[in-house]
Amino acid sequence: MNYKNIFSRLAIMGLALLLAACAAPVTRVEVGEATIGKRLAVKVDAAWNQFGGGLTNGVPTWTMEGITIDALSFYTDIKDGQTFGPSNPPKGRQPVIFKASMQPADIVAMFQSLQTQDGSSFTLDKLEPAQFLGGQGFRFEYSTVRKVDEVPLKGVAYGRVRDGELFLVSYSAPRLVFFPRYQPRVEGLIKSVSLRS
Amino acid sequence: MRRRALIGCAQCLALSSLLGPAASRAQSSWLAPPRFERPDVASEEGGLWAMMDREETRLRRSPFILRDAGLQTYLQDMASKLAGSHAPDVRVYPVRTPFFNASMAPNGMMQVWTGLLLRVDNEAQLAAVLGHEIGHYMQRHTLERLRDIKSRSAFGMFMSMFGLVGLVGQMAAIAGAFGFSRDQERQADHIGLALMRQAGYDTREAAKVWDNLRLELAAVHGGDPSQRSPLFASHPGSAERSGTLAELAAGDSGGYLGEEEHRRALAGLQAQMLDDELKRGQTNETLALLNRLIERQPERADLLYSRGEARRLRAAVGDPELAYADFERAVALGSEPAECHRALGYLHRSRDQADRAREAFTRYIDKAPAAPDAALIKSLL
């Protein structure tokens, strides 16, 4: 209840970067076909950087400009009753659980609860049916303002529940420059996603 | 003068522990320090103020600031009433963040988060929190903490001479410096109550703030709020706090509640605050909050819709039936938000009631044709 918010913010960022440097290996994703998780195949037309470890909470995440700028996240093979997002949610936080019976709007609500857990804002701009993983899925666009640095971001995501498992790919980047720059490439990449048997 | 005020406060604290409720009346004799002059910029306090001035400049431009002139005036008037002679130096900023929190910087910048505004039942409860924050300001608690940080930093530098172990020691020293100490929080509670009393508020409402929050957090944390709330983490235990405040107010009677005024000031923000609360996805906490709000205002369709939606999203055993009852009640009241029909449509759909789902979705689209999910809903018709 004082200016501890500022100190906390700085400390958390510093600590996160410190831990990330120790525990988050960055690997290059080369042009060609890449596999994410157990069986998600993606056709890559330009090199990306893949982050792992603590900074991305175990969710495979790619970036063009750096993890604090743009992030392409792959939520794959999430089964009924499984936690969505970080495998270890923050202490005391009610975990976000995926249920196979969820409607697209419920999955968006689940996604937005992850995005807003630090106080960031979230506005759904569009939710529509879309082809994804070779079948009927959904696509949504959203806007957020990150609480930590108040950067306005724009995002797009595709999702589908297939045989009771959730697959969702999201991309977000600063609204004015980076999102429009990379959106066509990201949408093309997402359309190329397929499942290996 | 400040020294006298501190001694006065310390005496009150000591007396209250000895005399119980009788001491509460002594609190009203607490003397506020005179208005602060701007500290010399070369001093450590001046540096602290300069840092907070920069933060305030950033805050004024922040997209999280609520630019609602009516609410701004309402909060500023409240803070002025509580701050007395310090009123010209306290500036209140309502911030759109759905967590229970308020903060006070040493230069007089106060932030009040919407999660707090949603959770208090009346103006007196809000005054208890604002008074507490002004208590920190009047006692210059931040400066005390800064000096504490400095001494910890010196310790940390010494530890860092020993490599990794030293680094850990340094981090622990810095971590311990966040927030006010528990003693400072207790002192701010006492001063907050004295300021409430001087401003004419019903001091018996102060303990209810913490009781209500404790109930909400207990819905998730099994009765241990310190496990979650950043506020409780550095504050005295909520049971102790509530008990002390109730004891201090026990000798008081009457006072201003301001329930209607509080509702009026927040009327235009309710939909946004409830929407932000739902977006958190912390349905257990949200349901504890909404149960309490609906108990006080059972005829509010927006509250009923929000509770129904929290239940629909949680989808525990029995939740869909209870959600359905809330939605139906909201529709019967006639002022339900459009989203209530969308939620009904999803419920009918999950029960394979295609006709009823179509009817509800159609109503949603009629009421909100430009809704962001209109394309998806139309595909379900």
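How many bridges join strand E6 (residues 71–78) of chain A to strand E10 (residues 165–174) of chain A? Six bridges join these two strands, which run antiparallel. In E10(A), Ser170(A) is the bridge partner of Ser73(A).

## Basis of the report

This is a predicted model, in which local features need pLDDT of at least 70 and side-chain atom pairs count only at pLDDT 80 or more, while totals for chains, interfaces and linings use all residues. Residues are numbered from 1 along each chain as its sequence is written, and chains are lettered from A and ligands numbered from 1 in the order in which they are written.

## Overview of chain A

Chain A contains three helices and eleven strands. Helices (H or I, at least four residues) and strands (E, at least two) are DSSP runs, numbered from the N terminus. From that terminus on, the elements follow the order α-β-β-β-β-β-β-α-β-β-β-β-α-β.

Of the 197 residues of chain A, 34% count as buried. A residue is buried if 20 or more other C-beta atoms lie within 10 Å of its own, exposed if 12 or fewer, and partly exposed in between, with C-beta atoms placed from the backbone.

Eight strands of chain A form an open sheet with antiparallel pairing, in the order E1-E4-E5-E6-E10-E9-E8-E7. Two strands pair if DSSP finds at least two bridges between them. Strand E1 (26–29) and strand E7 (121–132) of chain A stand at the edges with a single partner strand each, so one side of each has no neighbour in the sheet. On average, neighbouring strands of this sheet are turned by 20° against each other, direction ignored.

A further open sheet of chain A has three strands, in the order E2-E3-E11, again with antiparallel pairing. Its edge strands are strand E2 (32–36) and strand E11 (194–195) of chain A, each of which pairs on one side only. Five bridges join E2(A) to strand E3 (residues 40–44) of chain A, and these two strands run antiparallel. The bridge partner of Ala34(A) in E3(A) is Val42(A).

## Helix H2 of chain A

H2(A) has twelve residues and reaches 17 Å from its first C-alpha to its last, close to the 16 Å expected at 1.5 Å a residue. The expected span of a helix is 1.5 Å times one less than its number of residues.

Is H2(A) mostly covered or mostly uncovered? It is mostly covered, as eleven of its twelve residues are buried. Among them are Ile107(A), Val108(A), Met110(A), Phe111(A) and Leu114(A).

Chain B is divided into domain 1 (34–249) and domain 2 (265–380), with bounds that come from an automatic or database domain assignment. In chain B, 16 residues of domain 1 are in contact with 15 residues of domain 2; two residues are in contact if their C-beta atoms, placed from the backbone, lie within 7 Å. Helix H10 (206–221) of chain B is one of the elements that give two or more residues to the side of domain 1 that touches domain 2. H10(B) gives the most to that side, with six residues.

The largest nonpolar core has 121 residues, and those with the most contacts inside it include Met110(B), Ala127(B) and Ile134(B). A nonpolar core is a set of buried Ala, Val, Leu, Ile, Met, Phe, Trp, Tyr and Cys residues joined through C-beta atoms within 7 Å. Helix H6 (residues 123–138) of chain B gives the most to this core, with nine residues. Both domains of chain B give residues to this core, so the core lies between them.

Methods. Axes fitted to C-alpha atoms, helices over the stretch in contact; angles between N-to-C directions.
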